Amino acid sequence: MPTDTRAEGDPEGGATELAMSGGKKRWFGLSVLAVVLLLLLLRSCGEDCEDKEVATPRATVTTTVTATPGPIGSQIGEPVDAVLTRVKQTGLSVGVHDASEQDETPGGDWTVCFEKVTLSEVEFAAVPHGAPCPSKDGKRIPWPKMPDVKGTTYGKAVQMLADDAGHVELETAYQDEDAYDQDNESGDYADWKICFQNIKAGRALTYEPEIILHGVQKGETCPSAKGLYKDPTNDPDYVEPAPDSDYDYDSGSSDDDWSSTGGSGSAENDYYPGDKGGCPPGGCYNPCPPGGCR
């Protein structure tokens, strides 16, 4: 059997091998110890390390941010007050003027009709509240015109004026009739015929005015003027006519013809004052019958 010559013949060789084997073990032990120490270090730091990291002073820089103009949505149809507040928050310069030819100073309750927006400013054109927008900035406000509703029914007139009037009221054309309605709410007077209107046809209906119509029941005739009485005797100022006389104006005589009594006599009996003047007994000639001429 082979023999270990290093153990018998070379005692230094064996020592060297043992030294190398021991060095490897020490190195491995040191490595393990280093890993263990590192783990203990990390574990002992924990949340304190995070706090220390957060608490570390850092340099801060303060900057002033200037608002840059930003785009806005369309403001057409909005009141001026709300629009001005909204636009100023964007950093844009803003202005507003009268959209009509009147060149008046716009109020806060005016309504925006037109807008012109650039990168730095916006200009609005507005009209008074309740006014329609002109066809173009600076043009006349197209107020609706009062139609001629005379002869139409009350119900149809309300439909024609629905968008242009504040209210449409019905009153009677005759003083001695009783009727009233607003915007045909009851429907009881829808078939009444309109005789008069308080606003002439063709006049501008500015700011939705109140419109009053005077009418009569269906089938009745309109009076010649507003304020008359259907039955004249209902008029407080009515005066009865004088009774008819028996005098016949066509023949010039009455039933009791005074000539038959000899009052007038004939031409032969007529007496005329002479040169001396004066009247004969019974009076001078009088061509009128007793009671006077008519």
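Which cysteine forms a disulfide with cysteine 113? Keep that in mind as you open the model, which is a predicted one.

**Stop 1: the first pair**

Select cysteine 113 and cysteine 133. These two form a disulfide, with their sulfur atoms 2.0 Å apart. The torsion about their S-S bond is about -85°, so this disulfide is left-handed. Now color by secondary structure. Cysteine 113 sits in strand 2, residues 111–117. Cysteine 133 sits in the loop between strand 3 (121–127) and helix 4. The two cysteines are 20 residues apart, and the pair links distant parts of the chain.

Is cysteine 113 buried or exposed? Cysteine 113 has 6% relative accessibility, and because the cut-off for buried is under 20%, cysteine 113 counts as buried.

**Stop 2**

The structure holds two disulfides. For the other, select cysteine 195 and cysteine 222. Their sulfur atoms lie 2.0 Å apart. With -80° about the S-S bond, this link is left-handed. Cysteine 195 belongs to strand 6 (residues 193–197), while cysteine 222 is in the segment after strand 7, so the pair ties together parts 27 residues apart in sequence.

Check the surface again. Cysteine 195 counts as buried, at 7% relative accessibility. Cysteine 222 is partly exposed, with a relative accessible area of 26%.

**Stop 3: the largest nonpolar core**

Hide the surface and show side chains. How many residues does the largest nonpolar core have? The answer is 17. Select Met146, Tyr154, Leu161, Val168, Ile211 and Leu213, the residues with the most contacts inside this core. Then highlight helix 4 (154–161), strand 4 (167–172) and strand 7 (210–216), the elements that give two or more residues to the core. Which element gives the most? Helix 4 does, with four residues.

**Stop 4: isoleucine 211**

Center on isoleucine 211. Set aside its neighbours within four places in sequence, then display its contacts. Isoleucine 211 is in contact with Met146, Leu161, Ala165, His167, Val168, Glu169, Asn198, Ile199 and Leu205. Met146, Leu161 and Val168 were in your selection at the previous stop.

**Stop 5: another core**

Which residues are among those of the core that lies apart from the largest one? Select Val83, Val87, Val112 and Ala126. They are among the nine residues of this other core.

Technical notes:
Residues numbered from 1 in each chain as written. Predicted model: local features only at pLDDT ≥ 70, side-chain atom pairs only at ≥ 80, totals over all residues. Heavy atoms only, no water. Core = buried A, V, L, I, M, F, W, Y, C linked by side-chain atoms within 4.5 Å. Buried < 20%, exposed > 50% of the residue type's maximum accessible area, 1.4 Å probe, protein only. Contact = heavy atoms within 4.5 Å. Disulfide = S-S within 2.5 Å.
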